[in-house]
Amino acid sequence: MPRQTACTHAPLHARLTTTDMDAMTDKFRNALAEESDFPLTDHIFGLITDNADTLVFHKGEAVVDLGRYDPDIYIIRSGIVRGYMLEQGVETNVYFGMEGTLVASMQSFSTGTPSIIRIEACCHTEMLRIRKNRFDSLMSESNEFCRWVAGVFMRQSCYAELKAKVMNGDARWRYEWLEKCRPELFDNVPLKAIASYLKMTEVHVSRIRKRITRSEKF
């Protein structure tokens with residue numbers, strides 16, 4: 001099945017100075033290090049960057065599309081993505097991914113079947129892509145890399161538990177938690193997607209925002 005082609009414009013780092021590129025690399029590496037329970041060593045970072053190609057996506061473009069087979073691993077170098085499912089025309093936003101986050105269609109990666117989730121760029125987004133066959137080889141060849149990847153899935157499971165707890169709280173607390181933890185979402189992601197993630201309607205989210213704004217004035 002044909003793959004969706006990403007934007008072919010030159011990545012942002014192609015127009016930056018060496019100093020700027022070094023700063024971006026450090027920022028990306030620090031974000032990536034937060035994704036696993038185990039240290040991101042120079043060796044692991046090198047394995048990732050040496051075995052990945054870079055893709056650039058515009059806002060609204062699919063990194064992985066619904067119904068397409070795409071078993072590759074993507075790592076966000078810059079920008080924001082959202083993962084959502086579509087049922088009878090209704091979007092259910094499952095997660096947001098930011099700099100350093102690993103994303104993939106786990107259906108395609110694990111079971112070899114088409115994706116049941118769409119991973120979409122919320123703004124200009126640069127991704128590192130590691131092809132599945134290369135990723136599998138790295139897992140076989142390097143115990144250190146395999147351990148680091150295991151740490152990524154453990155950290156993601158931890159976040160999933162935290163999200164489940166938060167979603168059991170009242171609506172305003174859910175909104176304030178997201179605003180505090182991920183303020184950049186509110187400048188780059190449609191309100192509809194944020195509302196879906198918080199399990200609310202857009203109207204409800206708008207009301208909460210107005211109440212918070214009014215309370216801050218007094």
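## The R82–E120 salt bridge

In this predicted model, R82 and E120 form a salt bridge, with the closest N and O atoms 3.5 Å apart. The pair links distant parts of the chain: R82 sits in strand 4 and E120 in strand 7, 38 residues apart. Both residues are buried.

R82 and E120 are also bridge partners in the strand pairing. Salt bridges with shared partners join D65, R82, E91, R118 and E120 into one network.

Strand 7 covers residues 118–121. R118 and E120 point one way, I119 and A121 the other. All four of these residues are buried. In a regular strand, side chains alternate between the two faces of the sheet.

Strand 7 pairs with strand 4 (residues 81–87) in the antiparallel sense, over four bridges. Strand 2 (residues 62–64) also runs antiparallel to strand 7, joined by two bridges. There, A62 stands opposite E120.

## Other salt bridges

The structure holds 13 salt bridges. One of them joins the side chains of E99 and K27, at 2.4 Å from N to O. This pair, too, links distant parts of the chain: E99 is in the loop between strands 5 and 6, K27 is in helix 1, and 72 residues separate them. E99 counts as buried because its relative accessibility is 18%, under the 20% cut-off. K27 is exposed, at 52%.

R134 and E141 form another salt bridge, with the closest N and O atoms 3.6 Å apart. R134 is partly exposed at 28%, whereas E141 is exposed at 57%.

## A positive patch

R207, K210, R211 and R214 form a positive surface patch. R211 lies in helix 9 (residues 202–216). Its relative accessible area is 41%, so R211 is partly exposed.

Notes. Residues are numbered from 1 along each chain as its sequence is written. This is a predicted model: local features need pLDDT of at least 70, side-chain atom pairs count only at pLDDT 80 or more; totals for chains, interfaces and linings use all residues. Side-chain values use heavy atoms; hydrogens and water are left out. Patches are made of residues with over 30% relative accessible area and no salt bridge: like charges are joined within 9 Å, nonpolar side chains (Val, Leu, Ile, Met, Phe, Trp, Tyr) within 5 Å. Accessible areas come from the Shrake-Rupley method with a 1.4 Å probe; for residues, only the protein chains shown count as cover. A salt bridge is a side-chain nitrogen of Lys or Arg within 4 Å of a carboxyl oxygen of Asp or Glu. Lys and Arg count as positive and Asp and Glu as negative; His and the chain ends are not counted. The place of a charge is taken as NZ of Lys, CZ of Arg, CG of Asp or CD of Glu. Buried means under 20% relative accessible area, exposed over 50%, partly exposed in between (1.4 Å probe, protein chains only). Two strands pair if DSSP finds at least two bridges between them.
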